[in-house]
Amino acid sequence: MNEPAQAVVDKLKQSAADAIAAELQNGMIVGLGSGSTAKLAVDAIGRRVHEGLKIIGIPTSERTAEQARELGIELSTLGDHSQIDVTIDGADEVELGTLNLIKGGGGNHLREKIVAAASSRLCIAVDESKLVSHLGDRAEVPVEVAQFGWQATARRLTKLHGEPTLRLQADGKPFVTDGGNYILDCAFGRIGSADVLQRELDSVVGVIEHGLFIGMASLIVIGSSEGVKRLDRESA
């Protein structure tokens, strides 16, 4: 009997997470991502720490910080460590060829981008379903916006053909990020130029940050049905 599809995806995520965690070395300052695959990677890092690996983690969300503490991973902040050796995270989409990303399905893309920008390398663990030929083929672009006047911000995003939808919690109340902001999930469809869209989003008053990570990923580790694969920026 074939395994359920989700069980297969979970195994592929786990293989990518384990492979990327295996690359860490003693003494590294490591950005710890957020989301389902990043959670698996942090678990894998925790196992290595238990076996003797010595790193300092910089978490990208309160949830990741709590997870890391429970695993015995030493934590610090960007205030004490302004330069990060490597950040390990996941992604909602990876564009083949460019390694551009859409991130933020978990709602932590502001902190994720701050940590990624302070990192020498951004390494992304994904299962093969996250690979796309063009950004926007499957994932919406999360846009973090100020709560004040968010409706006006949404109207501006509509003019960019983003079809924004306010992200809600299970109880129907607006989802609030760790930074105290709302998220508008914008369905742009296939994105012709991620660079252009990035500039347009950056120019919208009320937008705090968005989930387009352009030119930031150094390495993609992919859990696939054929084993773990790697895509390096140098060879992309």
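**Exercise 1. Which residue is the bridge partner of Gly31 in S2, and in which sense do S1 and S2 pair?**

Solution. The bridge partner of Gly31 in S2 is Ile58. Strand S1 (residues 29-32) and strand S2 (residues 56-59) pair in the parallel sense over 4 bridges, where two strands pair if DSSP finds at least two bridges between them. Strands (E, at least two residues) and helices (H or I, at least four) are DSSP runs, numbered from the N terminus.

The structure is a predicted model, in which local features need pLDDT of at least 70 and side-chain atom pairs count only at pLDDT 80 or more, while totals for chains, interfaces and linings use all residues. Residues are numbered from 1 along each chain as its sequence is written, and side-chain values use heavy atoms, with hydrogens and water left out.

**Exercise 2. Are the residues on the two faces of S1 buried or exposed?**

Solution. On one side Ile29 and Gly31, and on the other Val30 and Leu32, are all buried, meaning under 20% relative accessible area, with exposed over 50% and partly exposed in between (1.4 Å probe, protein chains only).

**Exercise 3. Locate Asn181 and describe its side-chain polar contact.**

Solution. Asn181 lies in the loop between strand S9 (164-166) and strand S10 (182-186), and is buried, with a relative accessible area of 11%. Its side chain and that of Glu144 are joined by a polar contact of 2.9 Å (a pair of N or O atoms within 3.5 Å; within protein, one must be able to donate a hydrogen and the other to accept it, and residues adjacent in sequence count only if both atoms are side-chain atoms).
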